[in-house]
Amino acid sequence: MKLSHIFGIIVIALAIGIIVATAGDASSYVTFKQAAELAQDGDDKMIHVVGKVQKDAQGRVTDMLYDPAIDPNHFEFTLIDNENRAQKVVFNSPKPQDFERSEQVVIIGAMKGDHFQCDKILLKCPSKYQENKLETTEHEAKTAQL
């Protein structure tokens with residue numbers, strides 16, 4: 001066998017290994033019910049939940065807790081998933097800018113007891129430049145490394 005053939009086989013094997021390794025870390029989109037079932041089974045992988053922020057009749061966000069004077073890195077809110085199940089969400093970072101304007105929210109994290117512990121928030125807000133268009137922003141929890 002030629003050296004170039006051996007080198008090609010090694011490159012292909014490495015590529016397959018990388019694909020298999022990253023496919024195992026891929027997160028999936030679920031509802032809060034499915035997230036709770038995964039947590040009960042001991043599965044702590046990262047999952048996505050899509051939903052809307054709970055708002056009152058005037059369009060103001062309800063059940064939101066954020067007081068930067070007490071703890072600027074603690075933000076709680078209630079999210080309603082696509083099956084209309086409401087769940088408390090905890091985000092250990094400051095409240096994302098334009099959170100109140102968001103039309104749809106994607107949270108990434110895992111269920112922890114009675115709440116969903118969120119590591120990332122993706123906001124889909126109405127675009128300020130074009131009518132009827134959505135603008136997406138990503139916010140990630142930044143935790144201190146000890």
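Helices (H or I, at least four residues) and strands (E, at least two) are DSSP runs, numbered from the N terminus. Counted that way, the chain here has two helices and seven strands, arranged from the N terminus on as α-β-α-β-β-β-β-β-β. Please keep in mind that this is a predicted model, in which local features need pLDDT of at least 70 and side-chain atom pairs count only at pLDDT 80 or more, while totals for chains, interfaces and linings use all residues. Residues are numbered from 1 along each chain as its sequence is written, and side-chain values use heavy atoms, with hydrogens and water left out.

**The chain as a whole**

- Of the 146 residues in the chain, 29% are buried (under 20% relative accessible area; exposed is over 50% and partly exposed in between, with a 1.4 Å probe and protein chains only).
- Among contacts (heavy atoms within 4.5 Å) between residues at least 6 apart in sequence, 47% join residues at least 24 apart.
- The accessible surface comes to about 9800 Å², and carbon and sulfur atoms hold 54% of that (Shrake-Rupley method with a 1.4 Å probe; for residues, only the protein chains shown count as cover).

**Aromatic rings**

- Searching the whole structure turns up five aromatic pairs (ring centres of Phe, Tyr and Trp, the last by its six-membered ring, within 6.5 Å; planes under 30 degrees apart are stacked, over 60 edge-to-face and the rest tilted).
- Phe 32 and Phe 116 make an edge-to-face pair, 5.9 Å centre to centre with 70° between the planes.
- Phe 32 belongs to helix H2 (residues 32-40) and Phe 116 to strand S6 (residues 115-126), so their pairing ties together parts that are 84 residues apart in sequence.
- Both Phe 32 and Phe 116 are buried.
- One aromatic cluster is formed by Tyr 66, Phe 75, Phe 77 and Phe 99.

**His 115**

- Strand S6 also holds His 115, which counts as buried because its relative accessibility is 16%.
- The side chains of His 115 and Gln 117 are joined by a polar contact of 3.2 Å (a pair of N or O atoms within 3.5 Å; within protein, one must be able to donate a hydrogen and the other to accept it, and residues adjacent in sequence count only if both atoms are side-chain atoms).
- Leaving aside residues up to four places away in sequence, His 115 touches Gln 87, Lys 88, Val 90 and Ala 110.

**Met 1**

- Met 1 sits in the segment before helix H1 (3-24) and, at 80% relative accessibility, counts as exposed.
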